[in-house]
Amino acid sequence: MAITKAIPASPLLQPSIYSSHYFLNLQFPTHSLSTICKRNSLFQGINSRHSFPKYLNVTATKVDAVYYSHEVKKRGADISSELKGTSIFLVGMKSSLKSSTGKLLADALRYYYFDSDSLVEEVAGGASALKSYRETDEKGFLQSETEVLKQLSSMGRLVVCAGDGGVQSSTNLALLRHGISLWIDVPLELLASEGHTSTSHPEVVVTQLIETYEKMRGGYATADATISLQKVCGKLGYDELDSVTTEDMALEILKELEKLTRVKKMMEEAARPF
């Protein structure tokens, strides 16, 4: 499995123009990502307008939305140079908030966005093919997740929404150390509402989520920092969790990145000989 990238050196160029310049050729199972790139299903420009209705605060005015959007971009521009191309890995239970925040963060930092789960799924030939592959060859499936992470971790200027496979082995956890890892902690009740369908029983969904969470929690906790939806909600004085917007989460992440880069800089300066 190999990835080659042809990305212009200038940080002033828009990522949306060059995001299709990532070419992956994964030898597993049905078709390579070179085909996917041509279809442009995954590698769409991250600068396009995204809508995240579930997490928009319905009481916010248009002025608020514009202000917070401007604030995210301003903070992103300030911190981007300090990151020096260090990639960001978002771990945690799968949720629309996690992925939408990742896209907005990539846009603010002028980074490229990838979702490792979607990447593996596309290469496998779709959700049903991936499910079959996972059930018949669990070891091979986990190896494919590791290979995807290995290739992504070798690149810079990425925001990667990592799947649960990212924290299931010491190898994968070590790959996440190539960048900054952040645990996006979303309460299970919100995840349950996302996972519930007309054909699924709420109790079954909740049970599965609890089992997955307990299995993965140790890996999530190794992240460099935790961004808790519940804490962000309380800090901002919201009454409801779904009042927290994608912009709120992105701003909290950017603040945390500022702290982490500041600490790293202080440690580097302290390590210099007199």
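I began with the contacts of Thr 222. Leaving aside neighbours within four places in sequence, Thr 222 is in contact with Leu 173, Arg 177 and Ser 181 (contact: heavy atoms within 4.5 Å). This is a predicted model, where local features need pLDDT of at least 70, side-chain atom pairs count only at pLDDT 80 or more, and totals for chains, interfaces and linings use all residues. Residues are numbered from 1 along each chain as its sequence is written, and side-chain values use heavy atoms, with hydrogens and water left out.

I placed Thr 222 next. It lies in the loop between helix H10 (202-220) and strand S7 (225-228). Helices (H or I, at least four residues) and strands (E, at least two) are DSSP runs, numbered from the N terminus. Thr 222 and Arg 177 are 45 residues apart in sequence, yet 9.7 Å apart in space, C-alpha to C-alpha. The side chain of Thr 222 reaches the backbone oxygen of Gly 219 at 2.6 Å.

Buried means under 20%, exposed over 50%, partly exposed in between (1.4 Å probe, protein chains only).

I moved to strand S3 (residues 88-91). Both of its faces are covered. Ile 88 and Leu 90 are buried on one side, Phe 89 and Val 91 on the other. S3 runs parallel to strand S5 (residues 158-161), joined by three bridges. Strands pair if DSSP finds at least two bridges between them. Leu 90 has Cys 161 as its bridge partner in S5. S3 also pairs with strand S6 (residues 180-185), in the parallel sense, over four bridges. There, Ile 88 has Ile 180 as its bridge partner.

Cys 161 is buried, with a relative accessible area of 5%. Cys 233 is buried too, with a relative accessible area of 5%. How many disulfides does the structure hold? I found zero disulfides (cysteine sulfur atoms within 2.5 Å).

Last, I checked helix H5 (residues 116-124). Its buried residues are Ser 116, Leu 119, Val 120, Val 123 and Ala 124. They cover an arc of only 130° around the axis, so they sit on the same side of H5. The arc is taken from the directions from the helix axis to the C-beta atoms. At the start of H5, a side-chain oxygen of Asp 115 reaches to within 3.0 Å of the backbone nitrogen of Asp 117. Just after H5, Gly 125 takes a positive phi of about 105°.

How values were computed
Polar contact = N/O pair within 3.5 Å; in protein donor to acceptor, adjacent residues only side chain to side chain.
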